[in-house]
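This briefing goes through one protein structure by topic. Please look at the sequence and the model first.

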Amino acid sequence: MFLAFLDELRAAGIPASLKEHLVLLEALDAEVIDRTPEAFYYLARATYVKDEGLLDRFDQVFAKVFRGIATSYGAETADLPEDWLKAVAEQYLTPEEMARIESLGSWDEIMATLKQRLAEQEGRHQGGSKWIGTGGTSPFGNGGYNPEGVRIGGESRHHRAIKVWDQREFRNLDSTRELGTRNIKVALRRLRRFAREGAADELDIDGTIDGTARQGWLDVRMRPERRNAVKLLLFLDVGGSMDPWVTLCEELFSAATAEFKNLEFFYFHNCPYEGVWKDNRRRFSERTPLWDVLHKFGHDYKLVLVGDASMSPYEISHPGGSVEHNNEEAGATWMQRLTNTYPAAVWLNPLPSPQWGYSPSIRMIRELMSERMYPLTLAGLDDAMRELTRKR
């Protein structure tokens, strides 16, 4: 029973043994959980997963094996209130119709209008061009289209929102992911400067032979391990428009953790602001002030930012422009602080470079980075590593 599940877990790199499988079957036989898919999920996860770094991988396997198994059998029925933001009447506009829709104007005008609509609106709207609702061409709501607006609930379709009124969950990158190719590691090896540091815990064979020959007795000599002395700060954009590039970023993250012993990483969304974080599951409760990062890690660290730089220009230029929170200082201010603190800095962009010219935000980030933006390709990585090793 569930042998296919066991095989899929092993294929995904989760070390699930036959003993753990028998424990799971014994627990089911003893009826220690309710007979629901959710309860079985938590039981299986507690049985098979011993490393929290494998939780995301377990979730993917569980969804693949048991997709569609949940039913309404035995569940109590209840009348659910209508979600007034549900996109029940989405409009599908042609490119020509989209081009005729005009933006409300500046950031201040959009936010002032939203405040006014919130005060005036009394009911649900859909398919319109003014009120907060679904579908249509209003700048407020979801499921429709507007060149610039505030998405309230729903999911992104056109990536045009300058702010999102919704709490989104992002997942951590998997540092144990094996690369399909060694080329990324080879490119990162340009950023190497070896030195012997720390305790003398490695046998110095040449020194031992030389000392023994000179002294006439066994003269064992030790030396510190030879390590890559380069210090690296890695900032990774997650969520939203970065979702299509998760696999590529995981490969880069895996290669970087293998190549650099002095590596510190942080996550951000779209543009670095006053706070960054280590764990996407706790990104609202356990943030690290960016000021602390700037003060803790010295100027000798090399900075690599990874992101598609695709966002509303207001997120870079305006206080309060962040898509998720009310930032007191503009993203450009924090970008300048980062590049001033770390002169050796590059931005890696997974978006193909021919598309960069179509995005105002990419042009702004490139300017803030003094044009040190490189595509997340093998050639781009090679150029970026050369830039980081350049003498200043």
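Is Ile209 buried or exposed? With a relative accessible area of 55%, Ile209 is exposed, because the cut-off for that class is over 50%. The model discussed here is predicted. The protein has 392 residues, 43% of them buried, and its secondary structure consists of 14 helices and 15 strands.

**Overall figures**

- The accessible surface of the protein is about 22,000 Å², and carbon and sulfur atoms account for 51% of that surface.
- Taking contacts between residues at least 6 apart in sequence, 66% join residues at least 24 apart.
- The count of salt bridges comes to 12.

**A nonpolar surface patch**

- Ile209 belongs to a nonpolar patch on the surface, together with Leu203, Ile205, Leu218, Val220 and Met222.
- The residues of this patch have about 600 Å² of accessible area together.
- Within the chain, Ile209 sits in helix α8, which covers residues 205–215.

**Helices α1 and α4**

- Helix α1 (residues 3–11) and helix α4 (residues 55–66) have axes that come within 10 Å and cross at roughly 145°.
- The crossing of α1 and α4 is right-handed.
- On the α1 side, the contact is made by Phe5, Glu8 and Leu9; on the α4 side, it is made by Phe58, Val61, Phe62, Lys64, Val65 and Phe66.

**Leu55 and Val49**

- Leu55 lies in helix α4 and is buried, with a relative accessible area of 17%.
- Leaving aside neighbours within four places in sequence, Leu55 is in contact with Arg45, Val49 and Arg281.
- Leu55 and Arg45 are 10 residues apart along the chain, and their C-alpha atoms are separated by 7.9 Å.
- Val49 is in the loop between α3 and α4, and its relative accessible area of 11% makes it buried.
- With the neighbours within four places in sequence again left aside, the contacts of Val49 are Leu54, Leu55 and Phe58.
- From Val49 to Leu9 the C-alpha distance is 9.8 Å, across 40 residues in sequence; Leu9 is also one of the α1 residues that make the contact with α4.

**Helix α12**

- The buried residues of α12 are Gly331, Ala332, Trp334, Met335, Arg337, Leu338, Thr339 and Thr341.
- These buried residues pack against the helices α10 (290–296), α11 and α13 (360–368) and against the strands β9 (231–237), β13 and β14 (345–349).

**Positive phi angles**

- Most residues other than glycine have a negative phi.
- Glu31 is not a glycine, yet has a positive phi of about 55°.
- The location of Glu31 is the loop between α2 (18–29) and α3 (37–48), and with a relative accessible area of 52% Glu31 is exposed.
- Ala309, also a residue other than glycine, has a positive phi near 55°.
- Ala309 is in the loop between β13 (302–306) and α11 (314–317), and at 0% relative accessibility this residue counts as buried.

**Salt bridges**

- The side chain of Glu31 forms a salt bridge with that of Arg35, at 2.8 Å from N to O. Both Glu31 and Arg35 are exposed.
- Arg221 and Asp219 are joined by a salt bridge between their side chains, with an N to O distance of 3.1 Å. Arg221 is partly exposed, with a relative accessible area of 32%, whereas Asp219 counts as buried at 19%.
- Asp382 and Arg386 form a salt bridge in which the closest N and O atoms are 3.2 Å apart. Both residues lie in helix α14 (residues 378–389), four residues apart, or about one turn of the helix.
- Why does Asp382 count as buried? Its relative accessible area is 19%, and the class takes values under 20%.
- Arg386, with a relative accessible area of 45%, is partly exposed.

Definitions and conventions:
Residues numbered from 1 in each chain as written. Predicted model: local features only at pLDDT ≥ 70, side-chain atom pairs only at ≥ 80, totals over all residues. Heavy atoms only, no water. Patch = residues over 30% accessible without salt bridge, like charges linked within 9 Å, V, L, I, M, F, W, Y side chains within 5 Å. Areas by Shrake-Rupley, 256 points an atom, 1.4 Å probe, with all protein chains shown as cover. Salt bridge = Lys/Arg side-chain N within 4 Å of Asp/Glu carboxyl O. Helix = DSSP H or I, 4+ residues; strand = E, 2+ residues; numbered from the N terminus. Buried < 20%, exposed > 50% of the residue type's maximum accessible area, 1.4 Å probe, protein only. Axes fitted to C-alpha atoms, helices over the stretch in contact; angles between N-to-C directions. Left-handed = near helix turned anticlockwise from the far one by under 90°. Contact = heavy atoms within 4.5 Å.
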